[in-house]
Structure formats: structure tokens, C-alpha cells
Amino acid sequence: MATTTDAGLGERDTTGSPRSRLLGIATLIAVAILGVLAFALTEPDVRIHPETGEEFGQFDAVRMLYVHVPLVIVTYLSYGICAVASIGVLVKRTPWWDVTAHTAAEIGTIFCGLVLVTGSIWGRPVWNTWWEWGDVRLMTTLVLFLMFTGYLALRRITEDPRRQARRAAVVALVAVLDIPLVNRSVEWWENRTLHQRSTLGELKIEDLTLFTLFFGFVTAGLVLAWLFLHRFRVGWLERAAIDHGVAAAIVERQSETSDAEVRRSVGEQPEGPEEGLVP
Amino acid sequence: MVPEPVDGPNGAPNDESDLQVFDLTPAPTRPERIRRRPAAMAAVAILLVALVFVLLRTLGDASLFFYEVSEAVERRSELADSRFRVVGTPQPGLVEIDVDGEPAVVFTLCAGDVLADVAHLGDPAELFQPGVPVVLQGGWVAGPAPGVADLWSPAADGWHLRTDHMVVKHDNDYRGDGAELAPCGDQASIG
């Protein structure tokens with residue numbers, strides 16, 4: 001973790017605080033409870049076929065529901081925050097908005113990557129494929145992931161923070177337009193996706209399954225909040241360290257040039273004798 | 001950089017030419033040189049290529065959207081020589097048989113009141129079950145499917161679908177035993 005002393009911001013050597021530690025503990029407890037609910041207490045998806053009497057369903061693979069779907073929601077949320085902050089960057093032009101946008105994009109991209117991975121792991125036993133080219137929801141999600149990875153790469157092209165912030169904000173606002181496509185694709189292009197239609201919208205989930213899914217949303221939200229808090233603080237310290245470095249360089253440069261040298265360079269007589277110049 | 005002083009006696013510029021050399025008129029600032037990072041530029045270029053690849057791949061598959069069985073039957077003459085995807089619900093009854101020396105499963109797919117017999121080469125999907133919609137990839141073949149006589153209620157219309165790729169399109173119902181199984185003819189609840 002960055003040392004804040006270097007940035008002249010005090011003696012703390014961590015981005016943590018008593019409240020953030022509390023949040024971290026709550027997050028860890030929530031993850032543990034979710035694990036118990038998802039992998040031990042909820043039932044596998046097993047149904048009996050009314051005509052053949054055979055068992056069918058998703059069996060234990062259904063447990064991925066409690067991880068995959070909450071990850072999708074926090075991905076949308078992160079990118080939504082990034083979009084709002086990007087508008088802030090373009091309107092207010094302050095570093096606070098830029099650090100917020102950068103933080104949200106970075107965390108959102110991690111979540112989006114996890115969505116693709118968990119979806120693939122879920123798809124193998126249930127769909128019979130790891131990946132299906134042409135599935136409109138998979139493709140729009142992959143495009144979202146690639147665009148925000150590009151956003152993060154673009155931020156590193158130039159060292160000028162203002163230029164970086166403005167360009168990235170525009171890319172984020174374009175990339176975020178993909179989210180409605182991802183979300184509504186199963187309704188708009190029903191015959192071009194293996195994904196199911198909305199379960200919550202049609203209330204085809206109940207009891208402990210529903211509770212566990214909602215608990216997954218809360219847990220993912222806590223993880224997002226904890227990551228966001230720390231990454232934002234790191235980003236803010238990075239910005240402070242850059243500003244501090246620039247200020248220190250100016251002071252150092254000024255100290256290299258004595259007042260007498262400056263006066264002589266403009267044709268004025270130095271006010272007093274200077275060491276090394278006195279005959 | 002501090003300019004090199006050009007001094008006369010008493011540190012003052014000594015003549016007019018010196019004054020010209022030591023020009024204190026503020027010069028326009030040079031535009032700031034933008035430092036770019038080649039590795040980051042390469043990463044952006046790679047991501048752009050990946051994005052274009054994904055879009056091309058998606059557009060390339062545009063012709064392979066899912067036909068419902070009823071639509072595939074209706075457009076049979078048009079689709080006769082082409083490879084396409086078809087979605088439908090397998091009916092109870094399954095025959096395991098060898099087709100052209102390859103293991104295959106033969107069953108009947110339905111959508112609405114329309115039926116189509118299928119000979120699927122290779123192993124079916126792990127969760128393949130009657131009543132659970134599947135997406136199959138293949139094409140129409142003239143003639144009845146091998147072993148069709150052993151099916152419960154075959155289409156037996158002189159054609160069958162010869163497929164080699166099967167994925168399951170599960171529904172959106174997570175109510176366990178309370179879940180409704182999509183009957184043949186009710187495609188609205190297919191997830």
C-alpha cells in the first residue's frame with residue numbers, strides 16, 4: 001500500500017480507516033454466509049418430468065446463479081458510476097470526478113471479467129458449451145469488457161492527467177451505451193441467445209432461492225463498496241503524490257538558481273558578495 | 001535554463017548589439033510535447049483489433065440465428081441445402097442408434113403442433129431431456145431418420161434434421177418442483 005508520508009499527507013501508511021475496516025469485516029462475514037447459503041443450504045435444481053418420471057434440471061450447477069447474477073448487477077453499477085463521474089469530468093473538470101470514474105471503471109472491469117468467467121463455467125454443464133459465438137448477450141458483454149479494458153489502456157497512453165481524463169470520459173460515455181444492449185438483449189433478440197429471460201421480472205423464483213439471490217446482491221454490493229473505497233483512496237494518493245512531486249521539483253529548481261544569478265542574467269548588479277564570485 | 005549573461009562594465013549590457021542578443025521580450029511558449037507510452041498504445045491497438053474481431057464474428061454468425069422448428073419446416077425448401085440452427089422441445093422417446101457408423105440419438109422435436117424428426121450425431125448434451133428446449137445445428141436431409149419407427153410420435157414426413165451440435169436452452173424457472181415445464185407448443189416460456 002502506498003505510504004502517505006511520501007505524498008506529504010500525514011503519517012498513515014494504509015488506505016484503511018476504522019470505518020473501512022468495519023466494512024471489510026462485514027463484507028467477509030457476508031461472503032461467508034453467502035457461501036453457506038449458496039453451496040449448503042439451498043437445494044439443487046432437480047425436477048421430475050411429469051411424463052417420463054425422470055429427474056431433470058440444472059442440478060448443482062444452479063448454485064452459480066448466486067454468484068454470476070450479483071456480479072452482473074455490480075458490473076452495471078460500477079460502470080454506471082463511471083458514466084456519471086465521466087460526465088462530472090467533462091463538466092466540472094476536477095480530479096475528484098476523474099479518480100471516481102477511473103476507480104469505478106477498474107473495479108467494473110474486474111467484475112465484468114468475472115461475469116464472463118463464471119458464466120462460462122455455468123454454461124459448460126448447463127448449455128453444453130463454454131462459449132457460443134453469435135449469442136447476442138455473450139457478445140455484447142464481451143464488447144463491454146473490451147471497451148472498458150480499452151478505457152483503462154487509453155488512460156496510460158499520455159501522462160497529462162487532464163488530457164487523460166477528458167479522453168477517458170468520452171470513451172466511458174460511449175462504452176456505457178452497451179449496457180442497455182446487454183441487459184435487454186434477451187428480450188429484443190430472443191432467438192439469438194441461449195440466455196434465459198428475466199427470472200425476477202416474471203417472479204419464477206421463491207423462498208430460500210430468492211433470499212439467497214438477494215443476499216448475493218447485498219454481498220456483491222459490499223465487496224464493491226470496500227474495493228471502491230480503497231481504490232479511490234489509492235487513486236487520490238497517486239494524484240497527490242504527482243502534485244507533491246511537481247511542487248517539490250519546482251522548489252528544488254528554484255533553489256538551484258540563486259537570486260544573484262537571476263539578477264545578473266537580467267543585467268542587474270547583485271545586492272551583495274556571493275561565495276565563489278568574490279575575487 | 002537561465003540565459004548566459006552578456007555583461008559590460010558594472011554588469012550592464014555594453015552596447016546595442018549585446019542588447020539585441022539579450023532579448024528579454026517574452027517569447028511564445030513552445031507547445032508542450034506530449035509524452036506517449038508505446039506499450040499502452042500497443043494495448044489499445046490490440047484491444048481495437050479484438051473488438052473488430054468480435055463484431056465480425058458476431059455479424060458472421062448473423063445467418064445462424066435460431067429458427068423455431070415450425071419455421072424450419074415451413075421454409076424447408078428454402079433451407080434444404082443450408083446449415084442452420086433450430087430451437088425446439090424434444091418429445092419423450094429417444095432411440096440410440098448408429099448413423100453412418102457414428103453413434104447418434106434420434107428423437108422428435110416440436111414447436112406448437114409442428115413436429116420434426118432429428119438424428120443427432122454424437123453424444124447429446126449432459127442435461128438433454130424431453131421438455132427442455134435445445135438448439136441444434138445442422139440441416140435437412142431427405143428421407144426418414146433411421147430408427148424413426150421406434151419413436152413414440154414421430155413426424156414421419158419424409159424428412160429429418162441431421163445435426164451435430166447441441167446446446168441446451170434452459171428456462172428461467174427456479175421454483176424447483178413448482179416449476180412449469182414448457183409443454184410442446186408453448187414456446188413463450190422458453191428462456
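Helix H3 of chain A passes helix H7 of chain A in a right-handed crossing. The structure described here is a predicted model.

**The packing of H3 with H7**

Helix H3(A) spans residues 95-127, and helix H7(A) spans residues 207-256. Their axes come within 9 Å and cross at roughly 135°. Because of this angle, H3(A) is oblique to H7(A). On the side of H3(A), the contact is made by A:Pro95, A:Val99, A:Thr100, A:His102, A:Thr103, A:Glu106 and A:Ile107. H7(A) contributes A:Leu224, A:Leu227, A:Phe228, A:Arg231, A:Phe232, A:Gly235, A:Trp236 and A:Arg239. Sorted by class, the residues of this contact are eight nonpolar, four polar and three charged.

**The packing of H3 with H5**

H3(A) also meets helix H5(A), which covers residues 161-175. In this pair the axes come within 11 Å and cross at roughly 50°. H3(A) and H5(A) are therefore oblique to each other. Their crossing is left-handed. The contact is formed by A:Asp98, A:Ala101 and A:Ala105 of H3(A), together with A:Ala165, A:Ala168, A:Ala169 and A:Ala172 of H5(A). This contact holds six nonpolar residues, no polar residue and one charged residue.

Two packed helices are described by the angle between their axes and the distance between the axes. The table gives these two values for each pair.

| Helix pair | Axes come within | Crossing angle |
|---|---|---|
| H3(A) and H7(A) | 9 Å | roughly 135° |
| H3(A) and H5(A) | 11 Å | roughly 50° |

**The strands**

What is the direction of strand E1(A) relative to strand E2(A), and how many bridges join them? Strand E1(A), residues 45-48, and strand E2(A), residues 55-59, run antiparallel and are joined by three bridges. A:Asp45 has A:Phe59 in E2(A) as its bridge partner. The two strands E1(A) and E2(A) form a hairpin, with six residues between them. Within the turn, A:Gly53 has a positive phi of about 75°.

**The chain as a whole**

Chain A contains eight helices and two strands. Read from the N terminus, its elements follow the order α-β-β-α-α-α-α-α-α-α. Of the 279 residues in chain A, 35% are buried. Among contacts in chain A with a separation of 6 or more, 72% are between residues 24 or more positions apart.

Methods. Residues numbered from 1 in each chain as written. Chains lettered and ligands numbered in written order. Predicted model: local features only at pLDDT ≥ 70, side-chain atom pairs only at ≥ 80, totals over all residues. Axes fitted to C-alpha atoms, helices over the stretch in contact; angles between N-to-C directions. Helix = DSSP H or I, 4+ residues; strand = E, 2+ residues; numbered from the N terminus. Parallel < 35°, antiparallel > 145°, perpendicular 65-115°, else oblique. Left-handed = near helix turned anticlockwise from the far one by under 90°. Contact = placed C-beta atoms within 7 Å. Nonpolar A, V, L, I, M, F, W, Y, C, P; charged D, E, K, R; others polar. Buried ≥ 20, exposed ≤ 12 C-beta atoms within 10 Å, placed from the backbone. Pairing = 2+ DSSP bridges.
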